[in-house]
Amino acid sequence: MPQIHLRGSGPLLPTLVVLAIIIVLVSVTAQWWTEVLWFDSVGFTKVFWTELITKIGLFVACGLLTAVVVASSLLIGYRTRPVYPPISAEQQNLDHYRELLEPLRRMATIAAPAVLGIFAGSAGASQWQTFLLWANRVPFGSKDAQFGLDIGFFVFTLPWLRFIVGFLTMALVLAALAAAATHYVYGGLQLQTKGERTTTAARIHLSLLLALLVLVQSASWWLDRYSLTTKDSRLITGLTYTDQHAVMPTKAILAVAGIMCAVLFVATIWTHSWRLPVVGVGLLVVTAVVVGGIFPAAIQSFKVKPSEKSLEAPYIDRNVKATRLAYGLAETQASEYKASTTVSAGQLRNDAATIPGIRIVDPSVVSPTFKQLQAVKTYYQFPDALDVDRYTLDGKVNDTVVAVRELDLAGLPPAQRNWVNDHTVYTHGFGLVAAHGNRTGADGQPVFYEQNIPPVGPLGAFEPRIYFGESSPEYSIVGGPATGPKKELDYPDSSPTGQQNNTYAGNGGVKIGNFAQKVAYAIKYRELKILLSDTVNSDSRLLDYRSPRQRVERVAPWLTLDGNSYPAVVDGKVQWIIDGYTTSADYPYSRLQQIDTATVDSVTQRAASVQALQAGQVNYIRNSVKATVDAFDGSVKLYSWDDKDPLLKAWSKAFGGTVRPMSEISGDLMAHLRYPEDLFKVQRSLMTKYHVTDPGAFYTGQDFWTIPDDPAQETQTVDQPPYYLSIAMPGQSTPSFSLTTTFMPVGNRPVLAGFMAVDANAGDVAGKRREGYGAMRLLELPRDTTVKGPGQVQNDIESSNIGSPRFTLTLSQFLNNNRTQGSQIQLGNQLTLPVGGGLLYVEPIYVSAKTGSSYPLSRAIVVAFGNQLAWSDTLTGALDGLFGGNAGAVAGDSGTDTTTPTPTPTGGATTPPALQAALAEVQKAFTDGQDALKKGDWVAYGEAQKRLQTAIGKAVAAQPSGSVALPTPGATATPTAPTPTPTATP
């Protein structure tokens with residue numbers, strides 16, 4: 001018979017396979033080596049190796065154990081197979097499968113355990129943090145109320161035990177399935193035989209595996225008793241009456257029953273029968289259903305529900321105390337605040353120290369203004385939400401709105417975008433811009449005191465180059481010989497070349513002067529130009545992972561980071577400051593909370609530079625670390641901020657030497673540290689319920705609160721953010737930099753229920769926090785009083801017919817006209833301050849044109865107290881108008897040069913009555929016209945336009961000489977001097 005020769009692939013296929021393997025190995029090696037180089041460059045190699053070795057150890061241990069138990073089951077099942085399989089129809093059918101499997105048996109015996117081992121190893125490696133916490137555990141020093149165990153057992157040990165039990169369950173299930181399948185295929189296990197169904201070897205093998213599986217399940221039931229301390233329910237987190245009196249005993253019973261069932265499985269070795277373990281499993285299932293399900297449900301329905309308030313009282317009390325302790329709320333100073341709602345002249349006299357510090361510049365609004373006035377070039381940018389900090393000027397601490405001028409490659413013309421420009425020329429931002437928070441200029445612009453390129457201002461000489469920032473390019477290649485050409489754009493100027501160049505002289509980044517390192521980074525970034533470009537030299541450094549948040553995440557993966565990093569000039573350098581939290585979801589009896597949901601507000605919704613915390617549930621949180629990142633060289637420093645935190649102690653043991661003591665914090669840095677926003681957001685979210693400490697009142701929930709919606713958001717409903725303010729709470733003699741928030745009752749009453757502030761001022765003493773930092777004070781308004789909430793105040797603002805000596809229109813007309821005459825209104829942050837014996841609201845109003853190059857300017861400030869409201873172009877003027885012509889205190893903008901007020905016919909009168917009536921007709925006609933336009937009713941629209949022209953004619957005739965230039969008939973009235981709309985780009 002002729003042979004047919006198939007044309008083979010020859011050496012091509014093996015060559016391609018070898019090349020593919022080499023490429024993968026080289027890529028992995030390059031990635032690994034560049035990681036080592038990066039961690040070495042920041043001095044955190046211990047973090048890299050500790051994490052890597054722990055992951056490898058867990059991967060090997062878990063993978064090897066799983067592979068061994070599965071492989072042993074396969075081998076035992078095969079080697080103990082009957083020499084002569086029973087003769088039956090079932091076995092005759094299996095003969096065919098045995099013949100098919102035999103050629104693959106050896107490979108399957110290795111491959112199947114190996115694959116399962118890889119999956120199990122990966123699952124084990126993912127638990128590296130759980131293992132390290134357990135291995136480095138420390139006591140909390142306090143015991144839980146139910147078991148009398150140290151809290152550390154629940155936080156450190158219990159999660160690791162739960163993982164071990166879960167892992168062993170998975171491994172034993174896989175082993176049992178592998179054993180059963182092997183015994184079945186090779187005749188040791190028969191399912192359709194009437195006589196003996198298992199061989200002796202198969203029975204012993206399977207019974208031991210099943211006994212171990214039931215024992216592990218018994219351990220799981222026993223641990224379930226402790227896990228009840230973090231069980232989440234409708235009312236609380238932790239044990240309830242039913243849990244303690246029904247579920248806990250049931251879990252103990254099931255654990256004991258499981259041990260007995262395991263004994264019955266082992267007994268089959270001698271009884272040669274599966275009858276006892278089958279009966280045992282059946283009874284175990286019945287016990288689990290009846291005792292574990294029906295009994296607790298009956299207790300809940302017939303015992304607890306009728307008397308739930310009294311029976312759950314001790315468990316609610318336990319939950320309230322644990323929650324307040326775990327979230328840092330236990331020391332909150334709560335007091336009743338009988339807020340006055342009446343105004344009188346001189347009412348703010350006792351708050352004269354607070355009023356000058358009221359911040360009227362909204363950092364979430366003025367970013368476009370900073371960009372238009374201070375960006376200088378299109379390739380510079382500012383974050384979409386700026387930051388609030390403090391600087392000492394002329395011996396006084398000033399609340400300041402700050403931002404760094406960062407690089408924006410997207411602002412370059414497309415023709416200038418290429419690899420050389422993107423990665424070697426445009427490498428860094430330049431300078432920090434600071435503006436007074438409590439004043440604006442005559443034209444509504446921020447009053448900058450640190451500005452321009454190069455920086456000019458009272459902050460003194462500091463390194464202005466921003467190589468590491470929130471919007472830095474993915475990587476830049478910098479550096480070169482000191483005497484060589486300067487290739488990096490430093491900053492634009494008025495020289496003939498239009499710019500100054502620079503060569504990076506810092507120690508940041510990784511040296512890539514040798515060929516091997518160039519190759520590694522060329523592979524990592526898939527960029528051959530790193531090897532070929534003449535801009536890369538023997539002194540070059542590659543800067544990557546440049547976001548401050550990203551750098552801290554990499555060197556401290558055990559921290560949860562605040563969503564907002566902020567810059568500060570510290571000891572002659574720009575430093576990014578980031579707050580780090582240690583968290584746990586295993587603190588007994590403390591309320592579990594979704595921290596991502598709790599930290600979402602109007603700022604995180606609209607600003608990309610400010611994020612909510614990463615998703616996850618926690619019931620314990622501490623601001624344990626303050627981290628800094630140098631904007632010039634990228635160096636990262638972690639400082640201990642809560643050395644009593646057991647979690648920080650455990651992580652410090654695991655990564656020894658990576659967290660510096662607080663004593664190393666300089667006085668200059670301490671002056672810029674503050675109480676973190678995200679921690680405060682989490683705390684205020686809890687405080688909506690946990691200000692109630694009486695179990696009975698907590699159960700009814702009648703006094704629960706909610707966080708007000710941000711009234712400045714006109715298009716969406718989202719929480720109002722907390723605000724940094726320098727205020728003096730009742731009982732304090734001097735103002736302190738604080739973080740504040742308000743509360744409203746749950747339900748449909750949008751009145752104010754509470755005001756909370758935390759002292760955010762860390763002081764300026766090196767290595768020591770200021771006494772009083774972190775003190776939380778809560779003002780609770782009496783239930784029988786009515787103080788308007790933020791939404792109600794905003795409604796008053798929108799509908800107010802109150803005039804101002806600085807404007808001819810009423811407030812509502814001012815808002816409506818600027819929303820319809822080629823301009824747009826942006827509402828600033830509505831601040832709340834406990835002054836004058838009541839609560840004062842302050843809200844700046846910004847106006848901008850609708851053109852692309854416009855930017856918002858502060859054109860009015862509205863203040864409200866009780867049922868009274870006033871507005872002006874300055875805070876001082878608005879306060880004087882609110883409090884009978886003399887507030888008794890002067891705001892920070894009292895010296896601002898403003899537009900000359902419009903003369904009025906009579907002293908004190910703001911607008912002649914005839915003009916007021918005419919303007920009201922203008923507004924009514926315009927509103928009617930807009931409504932008709934929306935409905936498509938052109939007849940009604942035409943009539944409204946006629947009335948509008950007539951009303952404007954009346955207004956023109958009635959206006960006093962020189963007061964305001966009203967438009968000609970056919971246009972909507974808009975005051976010219978108070979409400980200009982900037983369009984020119986400086």
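## One helical turn apart

Lys-681 and Asp-678 sit three residues apart in helix α20 (residues 677–690), so about one helical turn separates them. Helices here are DSSP runs of H or I with at least four residues, strands are runs of E with at least two, and both are numbered from the N terminus. The two side chains form a salt bridge, with their closest N and O atoms 3.6 Å apart. To count as a salt bridge, a side-chain nitrogen of Lys or Arg must be within 4 Å of a carboxyl oxygen of Asp or Glu.

Are these two partners buried or exposed? Lys-681 is buried at 2% relative accessibility, and Asp-678 is buried at 2% too. The cut-offs are simple: buried is under 20% relative accessible area, exposed is over 50%, and partly exposed is in between (1.4 Å probe, protein chains only).

## What kind of model is this?

This is a predicted model, where local features need pLDDT of at least 70 and side-chain atom pairs count only at pLDDT 80 or more, while totals for chains, interfaces and linings use all residues. Residues are numbered from 1 along each chain as its sequence is written, and side-chain values use heavy atoms, leaving out hydrogens and water.

## More charged pairs

Side chains of opposite charge can pair when their charged atoms come close. How many salt bridges does the count come to? The answer is 29. One of them joins Arg-234 to Glu-308, with the closest N and O atoms 3.3 Å apart. Arg-234 lies in the loop between α6 (200–227) and α7 (241–271), and Glu-308 lies in helix α9 (residues 308–311), so this pair ties together parts that are 74 residues apart in sequence. Arg-234 is exposed at 59% relative accessibility, whereas Glu-308 is buried at 8%.

There's a network as well: salt bridges link Glu-35, Lys-524, Asp-544 and Arg-554.

## A four-stranded sheet

Now find the open sheet of four strands, which has the order β3-β4-β7-β8 and antiparallel pairing. Strands pair if DSSP finds at least two bridges between them. The edges belong to β3 (387–393) and β8 (446–450), each with a single partner strand, so one side of each has no neighbour in the sheet. On average, neighbouring strands are turned by 45° against each other, direction ignored. Here, axes are lines fitted to C-alpha atoms (for helices, over the stretch in contact), and angles run from 0 to 180 degrees between N-to-C directions.

Seven bridges join β3 to the antiparallel strand β4 (residues 396–404). Arg-390 stands opposite Asp-399 in β4. Arg-390 also meets Asp-389 in a salt bridge (3.8 Å, N to O). Asp-389 is buried at 0% relative accessible area, and Arg-390 is buried at 6%.

## Cysteines and disulfides

A disulfide is a covalent bond between the sulfur atoms of two cysteines. The search looks for pairs of cysteine sulfur atoms within 2.5 Å, and it finds zero disulfides in the whole structure. As for individual cysteines, Cys-62 is buried at 7% relative accessible area, and Cys-261 is buried at 2%.

## A nonpolar patch

Finally, look at the surface. Leu-12, Leu-16, Val-18, Leu-19, Ile-22, Ile-23 and Val-26 form a nonpolar patch there, with about 630 Å² of accessible area together. Patches are made of residues with over 30% relative accessible area and no salt bridge; like charges are joined within 9 Å, and nonpolar side chains (Val, Leu, Ile, Met, Phe, Trp, Tyr) within 5 Å. Accessible areas come from the Shrake-Rupley method with a 1.4 Å probe, and for residues only the protein chains shown count as cover. Val-18 lies in helix α1 (residues 12–42) and is partly exposed at 46% relative accessible area.
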